[in-house]
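Here is a walk through one chain, written for someone who would rather look at side chains than at tables. Have the viewer open and follow along.

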Amino acid sequence: MMTRRITQLLIGLAMYGVSLAMFIRAGLGLDPWDVFHQGLAGKLGWSIGTVVVVVSFLVLFLWIPLRQMPGFGTLANAVLVGVFADIGLALIPAFSHLGGQVAMLAGAVILNGIASACYIGARLGPGARDGLMTGLARRTGWSVRLSRTLIEVVVLAVGWMLGGSVGAGTVVYALAIGPIVQLLLPLFAVPEKPSRSSKESVVTEPAGT
């Protein structure tokens, strides 16, 4: 089971990085965090993959006051998404006509949804940004939806001011990614190992009840 979980995690993170590259090549707008990553990359002169990795580890420092503990999947996410984003950008061409851009955007959203379901379903730890959202919700008593909205509005605004790409793709991602992940997650969710107490209850339960 652990072999499956690790394999699924790594494949999911690789696909996530490639989907980020596809969003960029589509040229129709990015999700909020990647608007921030792209804007920061433009200002620093770094590759977007490098920025994704550096920002991931900076966000992990924000976990400390929230008393969040990273898992193996958290650290793998912090490194591999950025690496595969740069690989994807090196291999995927940009499109200059709208039809190709729309097709690339649609593929990016679908691949991102599959990737998210893969790495979440592996249950090896949330990504740095997801953990920040859930940790903030737990510490403040806010809903996860409110915490996510506040964080993403801030990073979107800062990213846009830095020159990140905001457009139709930003809206499409916001509307589509949740339903896609919800649909696909049951297919990729690794079943939890039954606890010892639950096993004992099954064994000791009287027949005929």
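Why does Phe23 count as buried? Its relative accessibility is 1%, and buried means under 20% relative accessible area, with exposed being over 50% and partly exposed in between (1.4 Å probe, protein chains only).

Before going on, a word on what you are looking at. This is a predicted model, so local features need a pLDDT of at least 70 and side-chain atom pairs count only at pLDDT 80 or more, while totals for chains, interfaces and linings use all residues. Residues are numbered from 1 along each chain as its sequence is written, and side-chain values use heavy atoms, leaving out hydrogens and water. The pLDDT is the predictor's confidence in each residue, from 0 to 100. The chain averages 90, and 92% of its residues score at least 70. Residues 197-209 are another story: there the pLDDT is below 50, and beyond near neighbours in sequence the stretch has two contacts in the model. Contact here means heavy atoms within 4.5 Å.

Now zoom out. The chain has nine helices and zero strands; helices (H or I, at least four residues) and strands (E, at least two) are DSSP runs, numbered from the N terminus. The C-alpha atoms fill a box of roughly 70 × 40 × 25 Å along the principal axes. Of the 209 residues, 43% count as buried. Take the contacts with a separation of 6 or more: 80% of them come from residues 24 or more positions apart.

The structure holds three of them. Rings of Phe, Tyr and Trp (its six-membered ring) pair if their centres lie within 6.5 Å; planes under 30 degrees apart count as stacked, over 60 as edge-to-face and the rest as tilted. One of the pairs is Tyr16 with Tyr119, edge-to-face at 6.0 Å centre to centre with 75° between the planes. Tyr16 sits in helix H1 (residues 2-26) and Tyr119 in helix H5 (residues 98-121), 103 residues apart. Both Tyr16 and Tyr119 are buried. Phe23 and Tyr173 also pair edge-to-face, at 5.7 Å centre to centre and 75° between the planes. That pair joins H1 to helix H8 (residues 168-188) across 150 residues. Tyr173 is buried because its relative accessible area is 7%.

Which residues does Asn112 touch, leaving aside neighbours within four places in sequence? They are Tyr16, Ser19, Phe23, Tyr173 and Ile177. Asn112 lies in H5 and, at 2% relative accessibility, counts as buried.

Next, look at H2 and H3. Two packed helices are described by the angle between their axes and the distance between the axes. Helix H2 (residues 32-44) and helix H3 (residues 48-66) pack at about 115°, with axes 9 Å apart. Axes are lines fitted to C-alpha atoms, for helices over the stretch in contact, and angles run from 0 to 180 degrees between N-to-C directions. On the H2 side, the residues that meet H3 include Trp33, Phe36 and Leu40, and among their partners in H3 are Val51, Val52 and Val55.

Finally, check two loops. Arg67, between H3 and helix H4 (72-91), has a positive phi of about 60° although it is not a glycine. Arg67 is exposed, with a relative accessible area of 65%. Arg123 has a positive phi of about 55° and is found between H5 and helix H6 (128-140). At 33% relative accessibility, Arg123 is partly exposed.
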